[in-house]
Amino acid sequence: MAQDVSPTARALLALEVIQNSPGITAHRLGDRLGVTERAARRYVAILREAELPVESVTGPYGGYRVGRGLRLPPLMFTAAEAMGLAMATLEGHRYAADPADLVGGALAKIVRVLPAEVAGPVRAFREVSRRPAGRDGQAGRGAGSGASASPELTTQLIEACTAARRLRLAYRMGRETERTMDVDPWAVVLRHSRWYLLGWSHTVRARRVLRVDRIATIEVLPDSFTPPPDLDALRTLEEHLSQGWAHPVDVLVDATVDETRRWIPRSLGRLEPDEEGRARLQATTSEPDWYARQLAAIPAPFLVIASPEIQRAVAALGERLAQASGAAP
């Protein structure tokens with residue numbers, strides 16, 4: 001422990017240790033604080049001078065414990081503060097949505113003691129923000145950017161998702177262009193440090209994925225809606241992000257859909273069985289060379305069909321690999 005910690009700070013640390021380890025001896029307390037046994041006793045004396053009920057227990061299993069009279073002030077968060085804390089934790093730690101993880105467990109503890117009206121949106125947000133392994137399906141899409149989502153606005157979005165209330169959004173299409181749209185918000189999802197709103201747009205009559213950092217204003221409408229049953233928000237988001245790029249992708253994999261799904265990330269495209277039970281991968285991409293490298297990692301024969309750019313990229317990759325092997329052309 002650092003030597004420049006003040007006596008008051010060490011006394012508070014001693015209080016925390018005693019609370020977590022009732023019956024701890026002065027010797028063990030000193031070890032935990034990185035000080036001598038005599039110094040540990042001095043910090044206990046400071047706590048008692050502040051009228052904190054730190055009791056001494058005699059006997060072979062005796063030590064210090066906190067008495068019944070201790071009442072620490074509650075830790076209070078506004079809804080925006082709680083959401084900001086959850087967003088920052090989920091962005092900065094890969095497994096923060098998992099309560100079994102050290103940081104995830106700490107976040108879960110905070111959520112459990114929050115008031116219901118604050119904890120509800122944070123808990124709902126955490127449950128749909130589990131970050132999967134692997135990179136996003138398209139280079140550049142879903143990667144973190146300088147734009148950040150507002151915790152206050154994100155809280156409003158999640159509350160609308162939870163209450164199934166329709167929203168009227170002002171959405172920035174460019175630097176100076178905004179579009180107004182009516183949306184049924186299904187879920188707010190974190191994907192590679194970027195926040196998305198998944199929902200149904202009544203303006204264009206289609207499913208839409210909107211970047212939260214581009215939403216300028218929110219108006220809650222009186223209309224309600226019924227979200228899709230058994231919605232897998234993250235899967236739906238990833239399938240959406242695999243579409244809409246310049247070059248089509250159509251690939252037959254000589255394996256079942258279940259087998260192929262274990263080899264490639266969901267964001268690479270949509271998998272469906274063909275008439276013979278093989279997996280058919282359909283998507284779009286902006287980088288055929290990158291996509292060819294992802295296909296090369298599939299440990300099963302595959303055939304690129306009706307995708308000229310992908311065919312050329314796969315052929316070029318095959319030539320480079322053949323040259324690297326030293327085999328004669």
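Student: In which helix is the place of threonine 260?

Tutor: This is a predicted model, and the element to look for is a helix that covers residues 257–261. The place of threonine 260 is in helix H9.

Student: Is threonine 260 buried or exposed, and which residues does threonine 260 touch beyond four places away in sequence?

Tutor: A residue counts as buried when its relative accessible area is under 20%, and threonine 260 has a value of 0%, so threonine 260 is buried. Leaving aside residues up to four places away in sequence, the residues that threonine 260 touches are Val253, Ala255, Leu271 and Ala279.

Student: In what order do the five strands of the open sheet lie, and which are the edge strands?

Tutor: The five strands form an open sheet with antiparallel pairing, in the order E6-E5-E4-E3-E7. An edge strand pairs on one side only, and this holds for strand E6 (206–211) and strand E7 (215–224). From one strand to the next the twist averages 45°. The edge strands are therefore E6 and E7.

Student: How many bridges join E3 to E7, and which residue in E7 is the bridge partner of arginine 165?

Tutor: Strand E3 (residues 165–172) runs antiparallel to E7, and the two are joined by six bridges. For arginine 165, the bridge partner in E7 is serine 224.

Student: Which helices lie across strands of this sheet, and at what angles to E4 do they run?

Tutor: Helix H7 (residues 151–163) lies across E3, E4, E5 and E7, whereas helix H8 (residues 233–241) lies across E4, E5 and E6. The angle to E4 is about 85° for H7 and about 120° for H8.

Student: How are H1 and H3 oriented to each other, and which classes of residue make up their contact?

Tutor: The axes of helix H1 (residues 7–20) and helix H3 (residues 37–49) come within 9 Å and cross at roughly 90°, so H1 and H3 are roughly perpendicular to each other. Residues of H1 including Pro7, Arg10 and Leu15 meet Tyr43, Val44, Ile46 and Leu47 in H3. By class, the contact has nine nonpolar, no polar and one charged residues.

Terms used. Residues numbered from 1 in each chain as written. Predicted model: local features only at pLDDT ≥ 70, side-chain atom pairs only at ≥ 80, totals over all residues. Heavy atoms only, no water. Axes fitted to C-alpha atoms, helices over the stretch in contact; angles between N-to-C directions. Helix = DSSP H or I, 4+ residues; strand = E, 2+ residues; numbered from the N terminus. Parallel < 35°, antiparallel > 145°, perpendicular 65-115°, else oblique. Contact = heavy atoms within 4.5 Å. Nonpolar A, V, L, I, M, F, W, Y, C, P; charged D, E, K, R; others polar. Buried < 20%, exposed > 50% of the residue type's maximum accessible area, 1.4 Å probe, protein only.
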